[in-house]
Amino acid sequence: MPIGAETAVPNAVSVDCPAKINLHLRIGPPRADGFHPLMSWMTTVGLFDTLTMQLCGAGVPPAAGETPTPQSLIDLTCDPPIVPNDDRNLVVRMIKAWAQRRSDAGQAAVAGIRATLLKRTPAGAGLGGGSSDAACALLAAERLIAGEPPLTTDQMAEIAATLGSDIPFFFSAPSAVCTGRGEIVRPIAPPAAKWAVLILPPIHMPTPDVYRKFDAMGLGRQKDVETEPDWAAWAKLPAAKLMTMLVNDLEAPAFAIRPELEAIRLKAERKSVRPVRMSGSGSSLFTLFGDERTATEVRDYLRIHLREFGIEEQAVMVVGVGVPIIPSSA
Ligand SMILES: C[C@@](CO)(OP(=O)(O)O)[C@H](O)COP(=O)(O)OP(=O)(O)OC[C@H]1O[C@@H](n2ccc(N)nc2=O)[C@H](O)[C@@H]1O
Ligand SMILES: Nc1ncnc2c1ncn2[C@@H]1O[C@H](COP(=O)(O)OP(=O)(O)O)[C@@H](O)[C@H]1O
């Protein structure tokens, strides 16, 4: 009998899916498969989407106004609805890949899953929101069928790597060094700096465009992704010192595509009197702090001085650095 088919009581799991930032991101020349080798120190930050999932089958009463059972394996509702709820959504693709793996392994089929995704992390910001949602969908799905032999972190990361280079990181949250095309993940200590000011310019940066520009500019040296810093020493550095060590090799191509992003970064650096880095392929920017009070003061100051770029108040925020992922039964 399929799991969920006879479930009398809805069994929901809710996960706050954290965004990530690339504290340090070095990129090498493209490989034969077109992907770029990289070396990145990634950490979660406290900006969250919320994903709720519920087994959905014959015995489960539908939520008010919702269809009784999904027509397909997963019935996803997104808020805002502008986010696709079909196969373009990494949550849908992850659940399908998970169900396929179960089927290949001869495990019981899942009758259906009803999911809702409340989006807060902007897409195209280099914050891995879609990747986090996908990883958290797998964690939630595994929890929904508790009692079965759970997948190991390596098995989850293996499924994840088939869907996106950034997804495996989230199974080693809150802090890891990612190599290969991003899918080889090694947990390390999170930074001592526990707060970040995050700036979200109203700019959508498509990741492939930034990598293409990186190639067109002839950037990328293999040795940059092979020489690893002393991560343990970096993790202990005070925030201001650590910021001076961090590099993002995708800044040059991102700024070549959108020069106003560089102008925002420069202004943010001048006004905060500290280095400001881009995360991933952009467009988000961050700087780290050891204490929340200083972070809040700098945030308030930047809110005033970044207005001229069309950056709204709520797009400059203080977030915790190195937050855990904790699915909870709802
Ligand atoms: C740049 C980074 C840094 O963490 O993050 P984002 O800015 O996307 O958050 C990642 O490398 C993005 O990872 P992710 O967004 O999962 O990329 P994927 O879906 O696997 O690939 C999207 C496209 O990006 C390019 N790509 C991605 C990863 C990589 N190591 N080399 C690449 O060249 C390829 O053109 C690929 O077709
Ligand atoms: N659950 C999801 N949330 C947001 N975007 C998603 C999701 N699933 C797939 N996508 C697609 O992935 C793209 C990249 O989204 P995301 O991972 O949030 O940003 P980034 O690559 O900048 O870190 C989006 O433009 C969108 O088309």
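## The shell around ligand 1

By class, the residues around ligand 1 comprise 5 nonpolar, 12 polar and 2 charged, where Ala, Val, Leu, Ile, Met, Phe, Trp, Tyr, Cys and Pro count as nonpolar, Asp, Glu, Lys and Arg as charged, and the others, Gly among them, as polar. This is a predicted model, in which local features need pLDDT of at least 70 and side-chain atom pairs count only at pLDDT 80 or more, whereas totals for chains, interfaces and linings use all residues. Residues are numbered from 1 along each chain as its sequence is written, while chains are lettered from A and ligands numbered from 1 in the order in which they are written.

Of the 19 residues around ligand 1, Gly-164, Ser-165, Asp-166, Gly-280 and Ser-281 come nearest, a residue being near a molecule if its C-beta atom, placed from the backbone, lies within 6 Å of it. Strand 1, strand 2 and helix 4 (207-216) are the elements that give two or more residues to this shell, and helix 4 gives the most, with 3 residues. Helices (H or I, at least four residues) and strands (E, at least two) are DSSP runs, numbered from the N terminus. At least three residues of the shell around ligand 1 come from each of domain 1 (12-189) and domain 2 (195-320).

The chain is assigned domain 1 (12-189) and domain 2 (195-320), with bounds that come from an automatic or database domain assignment. The centres of the two domains, taken over C-alpha atoms, are separated by 25 Å. Their contact takes 27 residues from domain 1 and 33 residues from domain 2, two residues being in contact if their C-beta atoms, placed from the backbone, lie within 7 Å.

On the side of domain 1 that touches domain 2, strand 1 (12-27) and strand 2 each supply at least two residues, and strand 1 gives the most, with 7 residues. That side of domain 1 divides by class into 18 nonpolar, 8 polar and 1 charged residues.

## The shell around ligand 2 and helix 1

Among the 18 residues around ligand 2, those that come nearest are Leu-90, Ala-123, Gly-129, Gly-130 and Asp-133. Helix 1 and helix 2 are the elements that give two or more residues to this shell, and helix 2 provides the largest share, 4 residues. The shell around ligand 2 holds 6 nonpolar, 9 polar and 3 charged residues.

Helix 1 (residues 90-104) has 15 residues and reaches 21 Å from its first C-alpha to its last, close to the 21 Å expected at 1.5 Å a residue, the expected span being 1.5 Å times one less than the number of residues. Leu-90, Val-91, Val-92, Met-94, Ile-95 and Trp-98 of this helix are buried, a residue being buried if 20 or more other C-beta atoms lie within 10 Å of its own, exposed if 12 or fewer, and partly exposed in between, with C-beta atoms placed from the backbone. The buried residues of helix 1 pack against strand 2 (38-55), strand 3 (74-79), strand 4 (113-118), helix 2 (129-144) and helix 3 (153-161). Gly-106, whose phi is positive, near 75°, follows helix 1.

## The annotated C-terminal region

An unreviewed UniProt entry carries the annotation "domain: GHMP kinase C-terminal" over residues 241-306; its positions are given in the numbering used here, feature names are shortened, and annotations may be inferred rather than shown by experiment. Over residues 241-306 the chain is 61% helix and 11% strand, with the end C-alpha atoms 24 Å apart.

Pro-259 is found in helix 9 (residues 259-272), and Pro-259 is exposed because 10 other C-beta atoms lie within 10 Å. Pro-259 and Glu-228 are 31 residues apart in sequence and, C-alpha to C-alpha, 30 Å apart in space.
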